[in-house]
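Subject: The two-chain model, handed over

Hi,

Here is the structure I promised to pass on to you. Have a look at it first, and then read on for what turned up in it.

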Amino acid sequence: MQDSERLNLTFAALADPTRRAILARLATGEATVTELAVPFEMSQPAISKHLKVLERAGLISMDVDAQRRPRKLEPKGLKEAADWIERYREIFERNYQRLDALLGELQAKPSRRKPTNK
Amino acid sequence: MAKPAEVTFPSDREVRVTRTFHAPRQMVWDAHTRPELVRKWQGYEGWDMPVCDMDVRVGGTYKWQWRNREDGNAFGFLGTFTEVDDCSRLVHEQYFDPGDMDFAMPTGDPCIVSLELTEENGITTLICNLTFASKQAREDAVSTGMTDGMEHSYTRLDDMFNKGAVAN
């Protein structure tokens, strides 16, 4: 799978609030399908479906050796998505830092008020 | 201190940027709609902005172009304003110009850029939402030479701040 293709899967997986909640739960420690189904008040097949999407996106993995087959978070998958968002963020932030400076300049110019006496 | 820009991907072809500014809404609006102000901050160190024409009204168009001071390469954006709600909401359809479009408005699917401003206690919150034509278009936007150029030039940006070229 190409990087861009996997990123698409990652962002599609992250777009769903239930799946984000599942990730948040797994961030506190691994859990089985049964354990995940309880707090989300969903059937196990419904949870399994979400888990499959998260797995395909590389965001979680399953421990096949353990009898309970717990799912755990895959930090690398999340990091790639975060890095990609960071590229966007940086582009905007650099521009906005300049805008901060400009706004400071504009506010200083027309109405440079004397400090009020207190 | 203003909080740094926050970026989220609300859907697979959107990007949303949220940022606060310690300035009244009118001023942030002006900085986005008056060409003489726009060219002061919207750009990249090492790049001049020889073209910044904006006709801010519904149906009005704009052209932005940057030119690299060293190699003369150019790129820009052009588009049409579709919503202009003074001081609160600005929407435009935007096309990326890799440098050879000669300001001809292209056909095809633009990126829809919306800007929303709200003000509370003298702090203006800006939400900029970009809706690309496709997932691929969203990815292309950060992998074009444009952003490479930006990243390259950012290394010099801090210098500029230190020298006080922009700050008062």
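Chain B has five helices and eight strands. Reading from its N terminus, the order is β-β-α-α-β-β-β-β-β-β-α-α-α, with the 168 residues of chain B counting as buried in 26% of cases. Of the contacts in chain B between residues at least 6 apart in sequence, 39% link residues at least 24 apart. Please keep in mind throughout that this is a predicted model.

Chain A is built from five helices and two strands, arranged α-α-α-α-β-β-α from the N terminus on. It has 118 residues, and 25% of them are buried. For chain A, 50% of the contacts with a separation of 6 or more are between residues 24 or more positions apart.

On confidence, the mean pLDDT of chain A is 84, and 89% of its residues reach 70 or more. Within chain A, helix α4 (residues 44–56) has the highest confidence, with a mean of 93, while helix α1 (residues 3–14) has the lowest, with a mean of 78.

Now to where the chains meet. The contact involves 26 residues of chain A and 29 residues of chain B. On the chain B side, at least two residues each come from β2 (14–21), α1 (25–33), α2 (35–41), α3 (135–143) and α4 (145–154). The element of chain B that gives the most to this side is β2(B), with four residues. By class, the residues of chain B that touch chain A are 20 nonpolar, four polar and five charged.

Which of its residues are buried? They are B:V28, B:W29 and B:A31. Viewed down the axis of α1(B), these buried residues fall within an arc of 160 degrees, so they line one face of the helix. Their cover comes from both chains: it includes α5 (75–108) of chain A, along with β2, α2, β7 (111–120) and β8 (123–131) of chain B.

Back in chain A, α4(A) packs against two other helices, and I took them in turn.

From α3(A), the contact uses A:V33, A:T34, A:L36, A:A37 and A:F40, and from α4(A) it uses A:Q44, A:I47, A:S48 and A:L51. This contact of α3(A) with α4(A) has six nonpolar and three polar residues, and no charged ones.

The other partner is α2 (residues 17–27) of chain A. The axes of α2(A) and α4(A) come within 10 Å, crossing at roughly 75 degrees. That pair, α2(A) and α4(A), is therefore roughly perpendicular as well. Here A:T18, A:R19, A:I22 and A:L23 of α2(A) meet A:H50, A:V53 and A:L54 of α4(A). The residues in the contact of α2(A) with α4(A) are four nonpolar, two polar and one charged.

Best wishes

Notes
Residues numbered from 1 in each chain as written. Chains lettered and ligands numbered in written order. Predicted model: local features only at pLDDT ≥ 70, side-chain atom pairs only at ≥ 80, totals over all residues. Buried ≥ 20, exposed ≤ 12 C-beta atoms within 10 Å, placed from the backbone. Contact = placed C-beta atoms within 7 Å. Nonpolar A, V, L, I, M, F, W, Y, C, P; charged D, E, K, R; others polar. pLDDT = per-residue confidence, 0-100. Arc of directions from axis to C-beta. Axes fitted to C-alpha atoms, helices over the stretch in contact; angles between N-to-C directions. Parallel < 35°, antiparallel > 145°, perpendicular 65-115°, else oblique.
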